[in-house]
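Reader: Hi, I've got a structure open and want to talk through it. Can we start with the strands and then do the helices?

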Amino acid sequence: GAVLAYHFAADGADVCLLTRTPIGYGATAYGTGIMEYDNNLSLVQLGKSIGKQAAVDCLNRYCDALDSIETLCDSLDTDVGFARRDALSYTPSGDHGDFFHTEYLIRRHNGFDVEYLDRAAARDRYSFPLEDGILSKGLAAEMDPYRFTQALVQKASREFGLRCYEMS
């Protein structure tokens, strides 16, 4: 709600945000603040459902959304703890056949910054069993969702006239 209110207000709409609890409480405060660009979507599986190009477009939109959130966080007066992270998808056993290697090749071919990891490559990097995996570089992030929401509403109120009423 806070993100929508911010964008509507920034675009000149007369916005009033109403909330039953204090801003940023509830699910926002309890959220992990972890964002991954692919949300464990497989380009191979998604491509079978919606088509190869649509699957690539979908993952690109996730990347664009992550970039937009980073830009928005950078524009706030408060440090909301936004930090880019790598994301690791893996299997601890060899029961996935060539799934991860095929997925890696498709992602790399489509311009995603990924690294393929097999057991030998992962042995010295991780303390847990990893048979096959994909390391997506810089395509995940974390932030403090409570601070983000607070800072977003404050900026929208100050700069764009957003009115906010907490009904706690």
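**Strands and helices**

Author: Strand β1 (residues 16-19) and strand β6 (residues 163-166) run parallel and are joined by four bridges. Keep in mind that this is a predicted model.

Reader: Which residue stands opposite tyrosine 165 in β6?

Author: Leucine 18 does.

Reader: And where do the side chains of β1 point?

Author: They alternate. Leu17 and Thr19 point to one face and are buried.

Reader: Helices now. At what angle do α1 and α7 pack?

Author: About 20°, with the axes 9 Å apart. Helix α1 covers residues 2-10, and helix α7 covers residues 145-160. Angles under 35 degrees count as roughly parallel, so α1 and α7 are roughly parallel to each other.

Reader: Is the crossing left-handed or right-handed?

Author: α1 passes α7 in a left-handed crossing. The contact includes Ala2, Val3 and Tyr6 of α1 and Phe148, Leu152 and Phe160 of α7. By class, this contact has 10 nonpolar, one polar and one charged residues.

Reader: What about α3 and α4?

Author: Helix α3 (residues 43-50) packs against helix α4 (residues 52-75) at about 125°, with their axes 7 Å apart. That angle makes α3 oblique to α4. Their crossing is right-handed.

Reader: Which residues make that contact?

Author: On α3, Leu43, Leu46, Gly47 and Ile50. On α4, Lys52, Ala54, Ala55, Val56, Cys58 and Leu59. By class, that contact has eight nonpolar, one polar and one charged residues.

Note on methods: Residues are numbered from 1 along each chain as its sequence is written. This is a predicted model: local features need pLDDT of at least 70, side-chain atom pairs count only at pLDDT 80 or more; totals for chains, interfaces and linings use all residues. Side-chain values use heavy atoms; hydrogens and water are left out. Axes are lines fitted to C-alpha atoms, for helices over the stretch in contact, and angles run from 0 to 180 degrees between N-to-C directions. Helices (H or I, at least four residues) and strands (E, at least two) are DSSP runs, numbered from the N terminus. Angles under 35 degrees count as roughly parallel, over 145 as roughly antiparallel, 65 to 115 as roughly perpendicular and the rest as oblique. A crossing is left-handed if the near helix is turned anticlockwise from the far one by less than a right angle, and right-handed if clockwise. Contact means heavy atoms within 4.5 Å. Ala, Val, Leu, Ile, Met, Phe, Trp, Tyr, Cys and Pro count as nonpolar, Asp, Glu, Lys and Arg as charged, and the others, Gly among them, as polar. Buried means under 20% relative accessible area, exposed over 50%, partly exposed in between (1.4 Å probe, protein chains only). Two strands pair if DSSP finds at least two bridges between them.
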